[in-house]
Amino acid sequence: MKDVSFGQFYPVDSFVHRLDPRLKILFLIAYIVAIFLASNFYGLAACAAVLVLMVLFARIPFGKVLRSVRGVAFLVLFTAALNVLFYSGDTVYWQWGIFCVSFEGIIFSVFLALRLVLLVICSSLLTYTTTPVSLTDGVESLLTPLKWIRLPVHELALVMSIALRFIPILMDETSRIKNAQMARGADFESGGIIKKVKATIPILVPLLLSAFRRADELGDAMDARCYTGGKHRTKYKKLRFTWRDLIAFLLGAALITGVVLMKIWLPAPY
Amino acid sequence: MKAIEFTDVSFRYEEEGPFAVRHLNFAVDEGEFVAVLGHNGSGKSTLARLANGLLTPDEGEVRVFGTLLGEKNLYDVRRNVGVVFQNPDNQTVATIVEDDVAFGAENVGLPREEIGKRIDFALRAVGMEEYRTATVARLSGGQKQRVAIAGVLALKPRAVILDESTAMLDPRGRREIVDVVTRLNKEEGITVVLITHFMEEALLADRAVVMNRGELVMQGTPREIFERREELVTYNLALPRIGIICEKLRAGGMQVGYTLDAQTLAKEIAECVS
């Protein structure tokens, strides 16, 4: 449980850490668009290269980055396997009833898996390099136009940052409860899937109760520190667009343009 | 002036339920350091919540620096009376120390430069200035709780209430917190109400009060309170360790007085032995 690294800030000082959070969020969106626009391996290779560059600039060890993929490895393999079996292509290698393995299916699955992996790495790069507070500030600032339609933008952003802050705390709590239940003879390992799901109830119920208790206490503590919502509130940290952001912006723009150009002029391979 | 004044205050969490606080009369002078002692369920935490308007009394009135606590002045009162709670993890809003300390100051709409100054002041006051950009989750319990105190200090309150803020800490962390609040009281002139069930922590206070079942049952200087040891036992409170050592030495036939000061006791033991 300890090594769940999604959503946890990695505190070093780097080029990427210093980027404006708004730009990082927009970059992530642009990157996702680029991943799905890329229709051949050249495009995806370009996306991967940009990501490697970002990781290097962020001074985050590659091991740590790969660990964030481990959490979704099952999902990626599962969807890839399904796609291989159900994709109906022309060059069929093997067929049995509705299952069919084709060349096109394999290519399609590999593409999908690569896209998912890149997507996960890029989003965790955002949370590695951005503190929840600046992430909140970024989201809040980007969503400001929605205040027009009376959306509680500040509150939504705060909820998001608190949720991120509590991930490691609740993770610790989960493993503590699990150990406590195991010490009382609970069995989480054996049995079929239904039994295993049932076995998590003694973990989930105390976890939920404690989450509510924590929420209650946090609410009191915020109240005691004069929290009254977004009105009249000031911000200590100001978001500023610098030369770093310009470079990152150009990189993002270049990536999208490049991917689109490759789509038009470089149709092969696949 | 009275910093906090309770006049005939009663409160219960549920209608028809038992009273958490019953006809309580209690006052803290400005600049005073008061320890509130009591067993679990004695109403001492309710006292903290009533004092800054997290709870509203069913009967009686609460005054804070002369202002009667009511709906309209709630946030003025909270700026003057800060509360530090028990669990450090459940009162930090942000991941980074300085962001969390800034939270209160941001809430009341201070300008940026002023917030920066407040963070400097608050972190210096709790001796955490080196940890300004550290991640809260990586600090020790005592350090986390010092950050929580800094978060309250950033609002420049005239009084600080610590609601069992040492209960979850190890002895070293407890020591850190008690040192910090003692210094705040002596050097910054901040009124301190220290709610605890650790007797040792009450020793540094100007005055100690004991609560039992929602009532104030004893008050006096910490020394006076600890002299009345039979009474303390009936309220489920244990003597401070030094007191216990004195008792045992006396029971064993050594001619020492009853003291709560380690130095004095050491001297007396030395005299007895020689």
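**Close-up views of a predicted two-chain model**

**Figure 1. The two domains of chain B.** In this predicted model, the centres of domain 1 of chain B and domain 2 of chain B, taken over C-alpha atoms, are separated by 33 Å. The domain assignment places residues 2-239 of chain B in domain 1 and residues 240-274 in domain 2. Eight residues from domain 1 of chain B and six residues from domain 2 of chain B make up the contact. On the domain 1 side, the elements that contribute two or more residues are α7 (199-202) and α8 (222-227) of chain B. The largest share of that side, three residues, belongs to α8(B). Sorted by class, the domain 1 side that touches domain 2 of chain B holds four nonpolar and four charged residues, with no polar ones.

**Figure 2. Overview of chain A.** Chain A has 10 helices and two strands. Read from the N terminus, its elements follow the order α-α-α-α-β-β-α-α-α-α-α-α. Along the principal axes, the C-alpha atoms of chain A fill a box of roughly 65 × 60 × 40 Å. Chain A has 270 residues, and 27% of them count as buried. Among the contacts in chain A with a separation of 6 or more, 76% join residues 24 or more positions apart.

**Figure 3. The domains of chain A.** Domain 1 of chain A is assigned in two segments, 1-130 + 240-270, and domain 2 of chain A covers 154-234. Between the C-alpha centres of domain 1 of chain A and domain 2 of chain A the distance is 30 Å.

**Figure 4. The side of chain A that touches chain B.** Contact between the chains involves 27 residues of chain A and 34 residues of chain B. Three elements of chain A give two or more residues to this side: α6 (132-143), α7 (153-183) and α9 (201-224). Helix α9(A) supplies the largest share, eight residues. The side of chain A that touches chain B is made up of 14 nonpolar, four polar and nine charged residues.

**Figure 5. Packing of helix α1(A) against helix α6(A).** Two packed helices are described by the angle between their axes and the distance between the axes. Helix α1 (residues 21-37) of chain A packs with α6(A) at an angle of about 75°, and their axes are 8 Å apart. Because angles of 65 to 115 degrees count as roughly perpendicular, α1(A) is roughly perpendicular to α6(A). From α1(A), the contact uses A:P21, A:R22, A:K24 and A:I25. From α6(A), the residues in the contact are A:S134, A:L135, A:D137, A:G138, A:V139, A:S141 and A:L142. By class, the residues of this contact between α1(A) and α6(A) are five nonpolar, three polar and three charged. Helix α6(A) is also one of the elements that give two or more residues to the side of chain A that touches chain B.

**Figure 6. The β1(A)-β2(A) hairpin.** Strand β1 (residues 92-96) of chain A pairs with strand β2 (residues 99-102) of chain A in the antiparallel sense, over four bridges. Opposite A:V92 stands A:S102 of β2(A). Two residues lie between β1(A) and β2(A) in this hairpin. In the turn, A:G97 has a positive phi of about 60°.

Note on methods. Residues numbered from 1 in each chain as written. Chains lettered and ligands numbered in written order. Predicted model: local features only at pLDDT ≥ 70, side-chain atom pairs only at ≥ 80, totals over all residues. Buried ≥ 20, exposed ≤ 12 C-beta atoms within 10 Å, placed from the backbone. Contact = placed C-beta atoms within 7 Å. Nonpolar A, V, L, I, M, F, W, Y, C, P; charged D, E, K, R; others polar. Domains from an automatic or database assignment. Axes fitted to C-alpha atoms, helices over the stretch in contact; angles between N-to-C directions. Parallel < 35°, antiparallel > 145°, perpendicular 65-115°, else oblique. Pairing = 2+ DSSP bridges.
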